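Hi there,

Here is the structure I promised to pass along. Have a look at it first, and my notes follow below.

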Amino acid sequence: MASQAFAQTGRLFRFAVKKDWLKIFLWLLGVAFYVFIGVFAFVEVYGDPAEREALSYAMQNPAMEALFGRVIGQDNYTIGAMYSHMMTILGFVVFAIMSILLVVRNTRSEEEDGILELIQAQPTGRIAHTTSAILLLLVTNVLVLIITAALIIALGDASMTVEGAFLTGTIYASAGLFFGAVTLVTAQLSSNARGAMMLAFGVLGISYIIRIIGDGGVPLLSWFSPLGLLYNTEPFVNDYWYPVFISSALSLLLIAFALYLKHKRDMGAGLIADRDGKRHASAFLKTPVGFVLDLIRTPLIVWTVSMALLGFTYGSVIGDVDSLLEGNEIVSQIIANQEGISMAEQFMAMILGVLGIFSSVPAVQFLLRVRGEEKKNRLDKLIAGTRSRYHILGTFFLISTVIAIIMQIVTSLAFGGAALVMDFDIDFLKVMLAGMAYVPAIFVMIGLATLLVGWLPRLTSLIWLYLGFVFVNLYFGELFDFPKWVSAFSAFHYVPEIPIETWSWPVVFGLTALAGILSAAGFIGFRRRDID
């Protein structure tokens, strides 16, 4: 009977909630922070209609349209129109990533780890496990909708209507649901979690590119991108609901197709045949460095390209900053305005700091792969070999530090190169120095992550909370007037903001020494503790 295929779905759903509640809570906390920062910043910073009108015209360039989308509501560029314009596309990407990771973790990853085999050895339906993942995806995105709408209604101004608030929450949830549904399909196509994730991210990337082309001059094309489709709802401007219905219908079709594929395929297999691997591993792959690089190859390429694009995007608009931000008191508080230095240079110093924080993410993420290998019971096989624990952790640590340097070089080169291409009078050497000044602070992040891996492996997620604190302190510390003792806990607080300040060797050596101490303590803990 068909109903037997769904047997025990409710119990598996409750198990999934119990297992992932903390991760979901942290994601929803991030959602709340994202919406709060957007609404608060626009209401406080751009209360003057003339400033909003000037910004709307400045945003009509290819770089800004690629990042944020075409300008909507330009005839009456209210706070609501500004929020829809500048927060929607990035929000779609964030919530799509959340849903992709959530679905992969609760479908293909559990199948790959052998958990699904244990579950289906019990009296459970053939597609009950996948159905529970669908319910978890749906509930999570409904919570995104509720949180978004509630915060906008509570914090927004008169231009942010109740209907627009619920439409904004709905399109956020719809984007998450759509790409979660895409991931349900890719989880049936690929035989491993990494393949399913990369296929889903590939769909997201293609959707983003199609949306850019559509917003760049082929409006019809944007309707063929899920991102462009939902962006055309235009909350707080026109409040079109029909794109939501189209997106929801497509999501339901994808979910139904995924369940059909799950019912047909064999456990542990993917519908796309795996490519035959090499009969013998290369000499480099047999080394710890080669093994780790093979693990992170694809995400490393994605991160490098993403950071280059981000640096290029911000660098290409640096020349317009003076005319946009001059005279805005709130912006002056955020940037810590200083006489004798142009607003563009001060903005550059702050943005390069933010990009430095972004560069910390892949560096820390790749170090934490050693913890991922441990949780999958693969690390003990490496330790049982001829290489010591110091050697294994040191390999991940070395690669993470090199990645930190590479990311900063790539970002700084892209930022400075874009500024020069756009004929902005900028000292390229200062841009490179400003970017590289943050490398020791990133080393501290890596050192702290190493300390957690060594002594508190079950609490490694705390590094992301600390990274969030560092971002808020850097970006909003001056605006919120954080006490000095609070800012002192941020490694990025001590980095000189070039070109406002000068290069400081004491800071470089001090932060590097702190990173070394944290890392050494982490290595000692990793050597002494038991492997899970």
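A term to begin with: buried means under 20% relative accessible area, exposed means over 50%, and partly exposed is in between, with a 1.4 Å probe and protein chains only. This is a predicted model, in which local features need pLDDT of at least 70 and side-chain atom pairs count only at pLDDT 80 or more, while totals for chains, interfaces and linings use all residues. Residues are numbered from 1 along each chain as its sequence is written, and side-chain values use heavy atoms, with hydrogens and water left out.

Overall picture

The chain has 24 helices and zero strands; these are DSSP runs numbered from the N terminus (H or I of at least four residues for helices, E of at least two for strands). Its radius of gyration is 24 Å, close to the 24 Å from the globule rule for 532 residues, so the chain is as compact as a globular protein of that length. That radius is taken over C-alpha atoms, and the rule is 2.2 Å times the number of residues to the power 0.38. Along the principal axes, the C-alpha atoms fill a box of roughly 70 × 55 × 40 Å. Of the 532 residues, 51% are buried. Taking contacts (heavy atoms within 4.5 Å) between residues at least 6 apart in sequence, 77% join residues at least 24 apart.

The cores

A nonpolar core here is a set of buried Ala, Val, Leu, Ile, Met, Phe, Trp, Tyr and Cys residues joined through side-chain atoms within 4.5 Å. The largest one has 64 residues, and Ile318, Phe415 and Phe492 have the most contacts inside it. Several helices each supply at least two of its residues, among them H13 (288-316), H19 (389-421) and H24 (505-528). H16 gives the most, with 14 residues. Ile318 touches Ala344, Phe347, Met348, Phe415, Ala419 and Phe424, leaving out residues up to four places away in sequence. A second, separate core of 55 residues includes Leu28, Val35, Ile171 and Phe178.

Also in H16 is Ser359, which is buried with a relative accessible area of 0%. Beyond its neighbours within four places in sequence, Ser359 is in contact with Met307, Met407, Gln408, Thr411 and Ile442.

H13 has 29 residues and reaches 40 Å from its first C-alpha to its last, close to the expected 42 Å; the expected span is 1.5 Å times one less than the number of residues. H13 bends by about 60° at Arg297, and Pro299 follows within four residues. The bend is the angle between axes fitted to the seven residues ending at a position and the seven starting there. Buried residues of H13 include Val292, Leu295, Ile296, Met307 and Leu310.

H4 (residues 79-106) has 28 residues that should span 40 Å, and its end C-alpha atoms are 38 Å apart, which agrees. H4 bends by about 40° at Met87. Of its 28 residues, 22 are buried, so H4 is largely enclosed by the rest of the structure.

One histidine

The C-alpha atoms of His129 and Ala5 are separated by 9.8 Å, although the two are 124 residues apart along the chain.

Best wishes
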